[in-house]
Amino acid sequence: LRKCGFVPTGGELQTAGFVHHMHWRAWLDDPSGRIAKLEIAQPVVAMERSAATGGECCRDPAPRLQDLVGSAFDAGFAKRLAGIFGGPLGCSHLLTLGQALGALVPRVLADPARAPAARAPGERVAKQTLVLDGFERAAGALEIAIQAADYRFAPHTSARDFIDRLGVARELRVLGEVTMSELRLVALRAVARERTPASLGAPWRDLGDAVAPLAGDSALRGMAARIRARMSALPESEERALLSEALLNFAPGLIQCMPALSHRLGSLFARAAAARSAEPPAGVGSMILTSGGLPDSCYMWRTGSSANRSRRF
């Protein structure tokens, strides 16, 4: 959901409102955890079929994901997903969503409290949420805020009242500051807490030591590799897993927030259009992202695509 701004994308003027709306729905063969059936939906996409896109659409790559049917949400899932849907093969947003699902499912399946014998059909056992927002600061800086939570639910049969349905809630907040001239992550903070029915007043704990080393480098290029390297240096835990998922969504979220800053680029785009320049004018730098994704970041922005060729500065 883009709350403000507009930007030329794929030959169209993309305005505030819903830009991407998509979901995965997977049926698992329990207890093997293998995918028995997979449905992918994209009710709202950034680019529908048009002359500017050469008749292509963001939904075109989705059928590739059916190759995952029969495989499991296990340690190798992320690699398999990237192999069939990464970069120009697929959609970066469906990819990120699938990666989050692939990281959550094994942890839920391994949770002893999930035992099917203790559950009624249709009973919810877990839920994970992530909300990301962007805030414009003075001097061309952008703040990215992430709130994530991982909920595990106790069986209905053991609940005396509604609060007893809570098994555990792990909550996380991340705040990062990015310079728009260089797209550099200059500061990163995080706090976390874990609550149960017996500890609803648990305080927030500072995770600054865990995330501070990630600041100082690009907020986009190479960030995922740095996050994985940093997380691997921390003790394995459910909290680390949630922190990793939140941080891995920082860069994709940043890209989606940048078009809201298009008001800063009006004069630069106008100068470039007047000069019929094939290159962005001095001063745009990495703000090329306000008019679309990085080259080869997805199927629609792959090298040589009609959408990529329609992009003008």
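1. Two strands are taken to pair if DSSP finds at least two bridges between them. By that criterion E7 and E8 form an antiparallel pair, joined by 11 bridges. Within this pair, Ala 169 has Arg 195 of E8 opposite it. The model under discussion is a predicted one, and the points below should be read accordingly.

2. The E7–E8 pair belongs to an open sheet of five strands, arranged in the order E5-E6-E7-E8-E9 with antiparallel pairing. Strand E5 (126–136) and strand E9 (205–206) are the edge strands, each of them pairing on one side only. In general, strands of a sheet pair through backbone hydrogen bonds, in either a parallel or an antiparallel sense.

3. The loop between E7 and E8 contains Leu 183. This residue is not a glycine, yet its phi is positive, at about 50°. With a relative accessible area of 2%, Leu 183 is buried, because the limit for that class is under 20%.

4. The largest nonpolar core comprises 33 residues; Leu 172, Leu 243, Leu 247, Phe 250 and Leu 254 are the members that touch the most others. At least two core residues come from each of the following elements: strands E6 (141–153), E7 (166–179) and E8 (184–195), and helices H3 (208–211), H4 (223–232), H5 (238–248) and H6 (250–257).

5. Apart from neighbours within four places in sequence, its contacts are Val 174, Leu 188, Val 211, Leu 214, Met 223, Ile 227 and Met 231.

6. Arg 25 has Glu 39 in E4 as its bridge partner. The two strands make a hairpin with four residues between them, in which Gly 33 adopts a positive phi near 80°.

7. Which residues of helix H1 (residues 77–85) are buried? They are Phe 77, Leu 81 and Phe 85. These three lie on the same side of H1, because the arc they cover around the axis is only 35°. An α-helix has 3.6 residues a turn, so residues three or four places apart point the same way. On the face of H1 turned away from the buried side are the exposed residues Lys 79 and Gly 83.

8. The buried residues of H1 pack against E3, E4 and helix H2 (92–109). After H1 comes Gly 87, which has a positive phi near 55°.

9. Three aromatic pairs are present in the structure. Trp 24 and Phe 77 have ring centres 6.5 Å apart and planes at 65°; the pair is edge-to-face because that angle is over 60 degrees. This pair joins distant parts of the chain, with Trp 24 in strand E3 and Phe 77 in helix H1, 53 residues apart. Trp 24 is buried at a relative accessible area of 10%, and Phe 77 is buried at 1% relative accessibility. Ring pairs also bring in Phe 73, which forms a cluster with Trp 24 and Phe 77.

10. Tyr 151 and Phe 153 make a stacked aromatic pair, at 6.5 Å centre to centre with 20° between the planes. Tyr 151 is partly exposed, its relative accessible area being 25%, whereas Phe 153 is buried at 17%.

11. Two charged side chains are placed over aromatic rings. The charged end of Lys 37 sits over the ring of Trp 27, 4.6 Å from the centre of that ring. Arg 302 lies over the face of Tyr 299, and the distance to the ring centre is 4.2 Å.

12. A further positive phi deserves mention. Asp 296, a residue other than glycine, has a phi near 65°. Asp 296 is located in the loop between helix H7 (266–275) and helix H8 (306–310). Its relative accessibility of 31% makes Asp 296 partly exposed, whereas Leu 183 is buried.

How values were computed
Residues are numbered from 1 along each chain as its sequence is written. This is a predicted model: local features need pLDDT of at least 70, side-chain atom pairs count only at pLDDT 80 or more; totals for chains, interfaces and linings use all residues. Side-chain values use heavy atoms; hydrogens and water are left out. A nonpolar core is a set of buried Ala, Val, Leu, Ile, Met, Phe, Trp, Tyr and Cys residues joined through side-chain atoms within 4.5 Å. Buried means under 20% relative accessible area, exposed over 50%, partly exposed in between (1.4 Å probe, protein chains only). Contact means heavy atoms within 4.5 Å. The arc is that of the directions from the helix axis to the C-beta atoms. Rings of Phe, Tyr and Trp (its six-membered ring) pair if their centres lie within 6.5 Å; planes under 30 degrees apart count as stacked, over 60 as edge-to-face and the rest as tilted. A charge sits over a ring if NZ of Lys or CZ of Arg is within 6 Å of the ring centre and within 35 degrees of the ring normal.
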